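Work through the following exercises with the sequence and the model side by side, and try each task before reading its solution.

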Amino acid sequence: MATITSLGVGSGLDLTGLLDELQKAERGKLEPITQQKADQQAKISAYGQLQTSLNAFNDAVAKINDPKLYQSLSSSVRGDDIKAATSASALPGSYRVEVSQVATYGSLASESITGIDKPSDALELNGATAIRLNFAGSESDPVDIEFDANSSLNDIRDAINANKDAGVNATIINDGEGYRLALSSKATGADASIDSFEFVGGEGQGPFAEAEEAGAKQQGQDASLTVNGISITSASNQVEGAIQGVTLNLNELSIAEGEKATSTVNIERDTLKQREAINDFVDAYNDLKDTTNGLTSFNAESGTAGELLGDRTLRTIESRLRSVLTGGGEGGELSTLSQLGITLEAGTTLSGKLEVDDEKLDNLIANDPQALSAFFAGDNKDGGLAGKLNSSIEQMTSSNGVLTGAVTGAESNVKSLDERYARMEKSIDATIARYRAQFSQLDVMVAEMNSMSSYLTQQFDALDAQLGR
């Protein structure tokens, strides 16, 4: 029996069209799986948005969980080019600073060395094997810098500069008549000033001595200043301790002889940083609420819903955060956010946004920063409201947290749906193949029946003709 390769050719029926309709109907079984997968993928994306908002909120929480925030001070200077930097131990106040002298480096130059053409030439050292550096400070020990026999001026310079304890930097100067060894103290101040040098380990001074002309030796000086009339000296131009918790920088001052540089240093509480940090906390929470409200929204007119409408994980996160926020702090002057001037917007539920009474909050920042510190930061990392929020968020977003678990569950569902889709598609292909085989058999049978019918009709027509019908 001949096989019909194109459905409907033998029977004249539209079996191909019928098979296409059956295949379309069978593949319709895949649509619910595709939709369920799209829903799970939308959930994963929504959880990602929630995670991003939670991280941003936690970053803002971390800033108000730092006790140093509530101790921060700022300095301002009116007058000459004095700079001031504060630390946590500084106290508010106003200080008049008069500087009559800045700290300077000491320097010392040798006399010109004759008898050499260039500083790399070997020197006649008279057996000397080291150069001894003496400093002005009574408690400063001399420093011996050793070098090899027949060393050059370059070698002596390099030996000094290679010794970390030398206390000076060495250079070579050509004054037009010969070469000089020039030494400059590494630190400012009178005690650190280079006072003299001498060659040791040989006979005599060596090939050169200290220059005696004016200007060849500059004695280092201490800075001299008064703070609110109290006289202070400092070996460094970074003056610490003259004002508690404040470092004065005198490096940019230029003071002519007999003159003074006068400035007023004001140390004030840095209320701006505190206000910004608390407002950032409120804004970050409100941004988080915008995210959660969008993910759980429902439009009655269009019938569209947020990806996490009715989602248990999101409800759990909101509930835990709300519990910490409404619980407030413990044991301090302040126990609730409302006492700080931070309240839920009027007419909203507990899931609404926060709003700030700026006047009330500014008053606390200006007059009672320690109460704010106790409320938000507490006496340890997890003691205040911010610490509790941080702990709760980290727990929910950890590898064992509810948010991570929800994402893992959704990803598992996607994988399961992919497997189910593959199995269903394989089943549909098998069903369509069976239909195709059955339709092929039907096509052959109908073709044979049509052929038999045609043959019988011809025989009956011939019989009728013989009988004269």
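**Exercise 1.** Find which residues of helix H1 are buried in this predicted model, and work out why they line one face of the helix.

*Solution.* Begin with the cut-off, under which a residue counts as buried when its relative accessible area is under 20%. The buried residues of H1 are then Leu-15, Leu-19 and Glu-26. Next, look down the axis of H1, where these buried residues fall within an arc of 35 degrees, so they line one face of the helix. Finally, turn to the face directed away from the buried side, where the exposed residues Glu-21, Lys-24 and Ala-25 are found.

**Exercise 2.** Identify a helix that helps to cover the buried residues of H1, and examine the surroundings of Ile-428.

*Solution.* The cover over the buried residues of H1 includes helix H9, which runs over residues 402-466, and Ile-428 lies in helix H9. With a relative accessible area of 2%, Ile-428 is buried. When its neighbours within four places in sequence are left aside, Ile-428 is in contact with Glu-26, Arg-27 and Leu-30. The C-alpha atoms of Ile-428 and Gln-23 are separated by 7.8 Å, although these residues are 405 residues apart along the chain.

**Exercise 3.** Describe the largest pocket and the residues of its lining.

*Solution.* Start with the space in the largest pocket, which is about 180 Å³. Twelve residues line this pocket, and the closest to its centre are Leu-325, Thr-326, Leu-337, Leu-344 and Leu-354. Helix H5 (312-327) and strand E16 (342-344) each supply at least two residues of the lining.

How values were computed:
Residues numbered from 1 in each chain as written. Predicted model: local features only at pLDDT ≥ 70, side-chain atom pairs only at ≥ 80, totals over all residues. Heavy atoms only, no water. 1 Å grid on protein atoms, 1.4 Å probe; cavity = no way out; pocket = protein on both sides within 12 Å on 5 of 7 lines; lining within 4 Å. Points joined across faces, edges and corners; volume = space filled by probe spheres on them. Helix = DSSP H or I, 4+ residues; strand = E, 2+ residues; numbered from the N terminus. Nonpolar A, V, L, I, M, F, W, Y, C, P; charged D, E, K, R; others polar. Buried < 20%, exposed > 50% of the residue type's maximum accessible area, 1.4 Å probe, protein only. Arc of directions from axis to C-beta. Contact = heavy atoms within 4.5 Å.
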